[in-house]
Amino acid sequence: MAQVVVVTSGKGGVGKTTSTAALGAALAQGGESVVVVDFDVGLRNLDLVMGAERRVVFDLINVVQGDAKLAQALIRDKRLENLSLLPASQTRDKDALTDAGVERVVAELREKFDWIICDSPAGIERGATLAMRHADMAVVVTNAEVSSVRDSDRIIGLLDSKTERAEKGLRMPKHLLLTRYDAARAARGEMLKVEDVLEILSIPLLGIIPESQDVLRASNLGAPVTLASPTSAPARAYAEAVKRLRGEQIQVSLPAEQRGFFGKLFGRRAVA
Amino acid sequence: MNLLSLFRRRDSAPVARERLQVLLAHERAAVGGSDLVAILQEEILAVIARHVSVDRDKVQIKLDRGDPISTLEIDVELPSRLRTTGTPRVGGAGQGAMARG
């Protein structure tokens, strides 16, 4: 049965879009059929991170409003044939999304794919609530930083009250994805530790994505980090997160950057 | 960064952790139920207004959300001619919301 996953955070800039692309690609690399859906109407970026920005013809709004067929709006990834993108509209605003329209599109996507990964816009407005509305589970993307943790807490409250599952009295499974994590700074007491965030938000940990130059490099290139640099620390962390998303019980590890001798000598100073 | 500041610097992560724990305990309570502090403030002022006229500009409200207790401090300035004894200012302090929703 298809799984609808919302990638959400409340706060902007924590890594929702990067994570949507990486999780989607990692699932597809594992042989699943996947679509990543951009709900950030008016500020679409998933197309750019996926490297499909020049191939967008129709978008989610066109499909919601019946101006285009779903098959016409879906963009198949050039690297992975079992990975597709449903882009958001760049010109319209979030009011163009209707609850009934989104429900119909999600139902249609369930017929075609194993995994539907919805990239939520920041904030708690219409776009964000519609992105989570029909989800079967949620990935809450959080940085180890006070404002991000607070916003994640708020989003967890919305996931437990404003979603279809919540309204039916069902539990909404939620997973914490800690991104841009700097283990060295946490060890020095300069950054919240993994355990601190877990204790405060009390939802299970899906993965820890280390802060890494490979993530920026991947979005520069227009490729999910699991495709752009598959052996990098963040790519390995996303691959592990996906295994857990598929229900495998594996220990969460913190993949380390592989640094050369000089990197080890000077690397710490560079990030301080 | 010089050597001195290196020694003087305290770990900031534990401070962040504690601030978040206190803040979220309050926010989680507020989202579920009503805003108890706002209600308390209105009702306390209504009681005072029944006996003396209260100038809203001369009411100071301070809230300190803490753990394990919060304090709501309502400082009402009363016209001195209404008072028979004591100081012209009355400080009313009530305990704020601590219920977790």
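**Reading helices and strands in chain A**

Biologist: At what angle do helix H7 (residues 146-159) and helix H10 (residues 194-201) of chain A pack, and how far apart are their axes?

Modeller: Two packed helices are described by the angle between their axes and by the distance between the axes. H7(A) and H10(A) pack at about 35 degrees, with axes 10 Å apart. Axes are lines fitted to C-alpha atoms, for helices over the stretch in contact, and angles run from 0 to 180 degrees between N-to-C directions. Helices (H or I, at least four residues) and strands (E, at least two) are DSSP runs numbered from the N terminus.

This is a predicted model, where local features need pLDDT of at least 70, side-chain atom pairs count only at pLDDT 80 or more, totals for chains, interfaces and linings use all residues, and side-chain values use heavy atoms, with hydrogens and water left out. Residues are numbered from 1 along each chain as its sequence is written, while chains are lettered from A and ligands numbered from 1 in the order in which they are written.

Biologist: Which residues of H7(A) and H10(A) meet?

Modeller: Contact means heavy atoms within 4.5 Å. Val149(A), Ser152(A), Asp153(A) and Ile156(A) in H7(A) meet Val197(A), Ile200(A) and Leu201(A) in H10(A). These residues divide into 5 nonpolar, 1 polar and 1 charged. Here Ala, Val, Leu, Ile, Met, Phe, Trp, Tyr, Cys and Pro count as nonpolar, Asp, Glu, Lys and Arg as charged, and the others, Gly among them, as polar.

Biologist: What is the strand order in the open sheet?

Modeller: Two strands pair if DSSP finds at least two bridges between them. The open sheet has 8 strands in the order S3-S4-S2-S5-S1-S6-S7-S8 (chain A), with mixed pairing. Strands S3 (75-76) and S8 (205-210) of chain A each have a single partner strand, so one side of each lacks a neighbour in the sheet.

Biologist: How does S4(A) run relative to S2(A) and S3(A)?

Modeller: S2 (residues 34-38) and S4 (residues 83-86) of chain A run parallel, joined by 4 bridges. Val37(A) has Leu86(A) as its bridge partner, and Val34(A) stands opposite Leu83(A). S3(A) and S4(A) run antiparallel with 2 bridges, and they form a hairpin with 6 residues between them. Arg76(A) has Ser84(A) as its bridge partner.

Biologist: Are the residues on the two faces of S4(A) buried or exposed?

Modeller: Buried means under 20% relative accessible area, exposed over 50%, partly exposed in between (1.4 Å probe, protein chains only). Leu83(A) and Leu85(A) on one side of S4(A), and Ser84(A) and Leu86(A) on the other, are all buried.
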